[in-house]
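Visitor: I would like to learn how to read a model of this kind. Could you take me through it, feature by feature?

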Amino acid sequence: MKIKDIISDRRTISFEFFPPREAGGVPGVIDVVNRLRAHAPDFVSVTYGAGGGTRAFTEEITMRLRRETDLMVMAHLTCVAQSRSDVHQVLQRLDAAGIENVIALRGDRPQDSVASAPGDAEFAHATDLIQHIRSNFDFGIAGACYPEGHTESPDLDTDISYARMKQDLGAEFLITQLFYDNAYFYDLVDRAQAAGITVPIIPGVLPILSTPQIRRFTSLCGASIPPELDARLERHADDNRAVREIGIEYATMQAEDLWANGVPGIHFYVLNRAYSVSHILRNLNIMGHDGA
Ligand SMILES: Cc1cc2nc3c(=O)[nH]c(=O)nc-3n(C[C@H](O)[C@H](O)[C@H](O)COP(=O)(O)OP(=O)(O)OC[C@H]3O[C@@H](n4cnc5c(N)ncnc54)[C@H](O)[C@@H]3O)c2cc1C
């Protein structure tokens, strides 16, 4: 089944996980996914070397979840610094394993790679990957978009024009980068509509777990932290437990507002920790279905 068909049927709750650096970490990730199954996610996904990290276990976890659970699993796939044939082979393996949906991304260059790596000329952007997938496979396709603009974009208009190109080449829905001021998301939706984007745009929500971690993430992806929230995080910078509670409270407030404003779904960046997302979903009382 294609995720676009689920979205046209109901509002979705989805969870994103990341692969471990070592093989020994795989069971731990599967365990977190299983703990969150009680919330009946409409789909789950596993990042592919996000932030330049390891790609080694993404496929393994994606395929195990497909084989061992009844969850709808979306594969992340990036194309930066990879050859067309390597990317094609990953897609063939995903297809053979019965994965039906892929989020097609450019990705961030692995930290140890050189400025211009093999494959760069073949797949320079997510749009190239989307085009390749649409021409060669029958996957449901998602793409990424950026409420505050992508860090490399000269301006928001240019950025949204590439999101439109993703739709035109075959992306059936978009998931946003994290943000902490919903006004950026609503502005993105307005700009997307004005640019002719008609596919659903699902907001990505990341419950904050630690002050240094969220400062690192936001500085990497160009998202801003509202001053009031930032001041609270600063006050508790050495107390991860307190920050986690602030993160739950803040993400609950964000998600409540987004849900009340009719978003097509919410994609939670779980960071492989079940506690915060479980609490937020209990606070919201939306169990992966459009009951609210
Ligand atoms: C929901 C979500 C999931 C993610 N999952 C992963 C993951 O699993 N692994 C990972 O490594 N990273 C992941 N990322 C991060 C993402 O890879 C980075 O943000 C990356 O820097 C850009 O990826 P993209 O697919 O948006 O690239 P692109 O769409 O290629 O955009 C990159 C830049 O190029 C511009 N651009 C886009 N298309 C064109 C074009 N055709 N011509 C010229 N310029 C263009 C854009 O405006 C932007 O500035 C994810 C991000 C999101 C929002």
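Guide: We go from the ligand to the cores, then to single residues and backbone angles.

Visitor: What should I know before starting?

Guide: The model is predicted, so local features need pLDDT of at least 70 and side-chain atom pairs count only at pLDDT 80 or more, while totals for chains, interfaces and linings use all residues. Residues are numbered from 1 along each chain as its sequence is written, and side-chain values use heavy atoms, with hydrogens and water left out.

Visitor: Which residues come nearest to the ligand?

Guide: A residue is near a molecule if one of its heavy atoms lies within 4 Å of it. Here 28 residues are around the ligand, and Tyr48, Asp108, Tyr146, His150 and Lys166 come nearest. By class, the shell has eleven nonpolar, twelve polar and five charged residues. Ala, Val, Leu, Ile, Met, Phe, Trp, Tyr, Cys and Pro count as nonpolar; Asp, Glu, Lys and Arg count as charged; the others, Gly among them, are polar.

Visitor: Which polar atoms lie by oxygen atoms of the ligand?

Guide: A polar contact is a pair of N or O atoms within 3.5 Å; within protein, one must be able to donate a hydrogen and the other to accept it, and residues adjacent in sequence count only if both atoms are side-chain atoms. The side chain of histidine 76 has an N or O atom 2.9 Å from a ligand oxygen. For arginine 106, a backbone N or O atom is 2.8 Å from a ligand oxygen. Aspartate 159 places a polar side-chain atom 2.9 Å from a ligand oxygen. On its own the ligand has 970 Å² of accessible area, and the protein covers 90% of that. Accessible areas come from the Shrake-Rupley method with a 1.4 Å probe; for residues, only the protein chains shown count as cover.

Visitor: Which elements give two or more residues to the shell?

Guide: Helices (H or I, at least four residues) and strands (E, at least two) are DSSP runs, numbered from the N terminus. The elements are β3 (73-78), β4 (101-105), α5 (126-136), α6 (156-169) and β6 (173-178). Helix α6 gives the most, with four residues.

Visitor: Where is serine 45, and what does its side chain contact?

Guide: Serine 45 is in strand β2 (residues 43-46). Buried means under 20% relative accessible area, exposed over 50%, partly exposed in between (1.4 Å probe, protein chains only). Serine 45 counts as buried because its relative accessibility is 0%. Its side chain makes a polar contact of 2.8 Å with the side chain of histidine 76. Histidine 76 also has the side-chain atom 2.9 Å from a ligand oxygen.

Visitor: How do I read a nonpolar core?

Guide: Nonpolar side chains tend to be buried together in soluble globular proteins. A nonpolar core is a set of buried Ala, Val, Leu, Ile, Met, Phe, Trp, Tyr and Cys residues joined through side-chain atoms within 4.5 Å. The largest core has 62 residues, of which Phe15, Phe17, Ile133, Ile266 and Phe268 touch the most other members. Helix α2 (residues 26-36) gives the most to this core, with six residues. Apart from it lies another core of 30 residues, among them Ile103, Ala144, Leu229 and Leu233.

Visitor: What covers the buried residues of α11?

Guide: Helix α11 (residues 274-284) has buried residues including Val277, Ile280 and Leu281. Their cover includes β1 (12-17), α2, α10 (240-260) and β8 (265-269). Contact means heavy atoms within 4.5 Å. Phenylalanine 15, leaving aside neighbours within four places in sequence, has contacts including Val277 and Leu281.

Visitor: Is arginine 11 buried or exposed?

Guide: Arginine 11 counts as buried because its relative accessibility is 14%. This residue lies in the loop between α1 (3-9) and β1. Its side chain reaches the backbone oxygen of tryptophan 259 at 2.9 Å. A polar atom of that side chain also lies 3.1 Å from the backbone oxygen of valine 263.

Visitor: Which residues have a positive phi?

Guide: Most residues other than glycine have a negative phi. Alanine 81 has a positive phi of about 55°, and lies in the loop between β3 and α4 (84-96). Leucine 271 has a positive phi near 55°, in the loop between β8 and α11.
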